[in-house]
Structure formats: structure tokens, C-alpha cells
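Me: Could you walk me through the charged contacts and the surface of this protein? I'd like to take them one at a time.
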Amino acid sequence: MRRYELMLLFRPDLEDDKLQSAVEKVTRAIVNAGGTLTKVSPWGKRRMAYDIQHFREASYFLLHFDIAPSAIRELERGMLISEEILRHLVTVLVDHGTPVDEELAPAAVPVDLQDGDQPALAADEVEVVAADVAAGADDEADLPAPLELDDEELEVDAVAADDDEETEEAGTAAKA
């Protein structure tokens with residue numbers, strides 16, 4: 001069983017009794033699927049950040065419950081069909097069933113460098129460089145060498161800039 005949080009946004013034009021019956025319909029679906037309700041919190045009507053189905057406000061409800069993960073898809077399908085619900089969001093709060101294996105080490109990624117390429121900084125080197133910069137290290141020997149561009153890359157950029165200038169000149173000449 002996992003603990004979930006469900007935020008429901010209901011249409012603002014629902015009467016109080018219809019709103020309560022819509023909330024009860026969702027809570028019954030949770031209980032019928034084998035879940036247990038922990039908390040149901042009505043938040044009242046609130047203004048939304050943007051219009052949803054031409055509504056600017058919605059009635060908010062927050063539900064906390066425990067249920068098997070396999071039942072969530074069926075619950076969401078039922079909420080999508082409901083005309084009273086504008087939006088819903090199901091979030092996992094606490095995972096009671098899946099053990100976390102902390103003994104796994106991060107995988108080592110081999111780096112294939114070609115001639116002239118510079119390797120990326122390792123995490124500990126980044127921390128050292130950041131500490132040097134924060135301390136105001138002016139010594140260039142302490143900082144890594146800047147990346148160098150090939151002459152071919154510079155020529156490509158220069159050609160692209162020339163093409164942009166020619167296009168602007170042609171557009172100006174065509175307007176005149």
C-alpha cells in the first residue's frame with residue numbers, strides 16, 4: 001500500500017449538495033478499490049491561475065489515502081469521465097512497499113576523447129574551481145584552461161554572419 005494525495009478541482013457552479021455527492025463518489029471509489037481514507041480537507045472556492053472550461057474559479061478538495069498502486073489508474077479513469085471534476089492530481093506521498101537499495105554505486109561512464117578535446121571537469125574539480133572563484137583567486141594557473149574552438153568552427157560562424165548581412169541588404173533593396 002502506498003500513501004497518496006489527491007487534489008480535486010470541482011466546477012464552481014455546483015450546489016453544496018451536488019458538490020458533497022461528487023466528493024462522496026470519489027471517496028467511495030477509493031474505498032471500493034481497497035483503499036483507506038486518511039484525511040478529506042475542503043479548501044473552498046479559490047481563483048485559478050487560468051481558465052479551465054471557461055471557469056475562473058474552482059472548489060478545491062484535498063484527500064489523503066492509502067491504496068495499492070494498481071488501483072490508481074482505475075480511479076483516475078473515473079475522475080476523467082466525471083463532468084463535475086475540472087482537474088485532478090494524484091501524488092505519491094510515502095512509498096511503504098518498495099525498498100530502497102542504497103548500496104548501489106553510480107555507474108561509471110567511459111569518456112572517449114578525440115585528439116584536441118578537453119575532458120569535462122569532475123564533480124570534485126568543479127567544487128574546487130567554484131571555491132577558488134568565490135575566494136577571488138586571480139591566479140590563472142589555478143583555473144582550468146578555456147575551451148578552444150577550431151578554425152573551421154570560426155569560419156562557419158563568420159559565413160553565417162555574412163549570410164545574415166546579405167539577406168538584410170537584399171530586403172532593404174527590395175523595399176526601396
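Reply: Happy to! A salt bridge here is a side-chain nitrogen of Lys or Arg within 4 Å of a carboxyl oxygen of Asp or Glu. This is a predicted model, where local features need pLDDT of at least 70, side-chain atom pairs count only at pLDDT 80 or more, and totals for chains, interfaces and linings use all residues. Residues are numbered from 1 along each chain as its sequence is written, and side-chain values use heavy atoms, leaving out hydrogens and water.

Me: How many salt bridges does a search of the whole structure find?
Reply: The search covers the whole structure, and one of its pairs is D51 with R56. The total is five.

Me: How far apart in the chain are K25 and E84?
Reply: Their side chains meet in a salt bridge at 3.9 Å, N to O. K25 sits in helix α1 (residues 16–32), while E84 lies in the loop between α2 (72–81) and β4 (85–95). Helices (H or I, at least four residues) and strands (E, at least two) are DSSP runs, numbered from the N terminus. The pair links distant parts of the chain, 59 residues apart.

Me: What separates E74 and R77 in helix α2?
Reply: These two form a salt bridge, with the closest N and O atoms 2.9 Å apart. Because they are three residues apart in helix α2, the separation is about one helical turn.

Me: Is K25 buried, exposed or partly exposed?
Reply: Buried means under 20% relative accessible area, exposed over 50%, and partly exposed in between (1.4 Å probe, protein chains only). K25 has 45% relative accessibility, so K25 counts as partly exposed.
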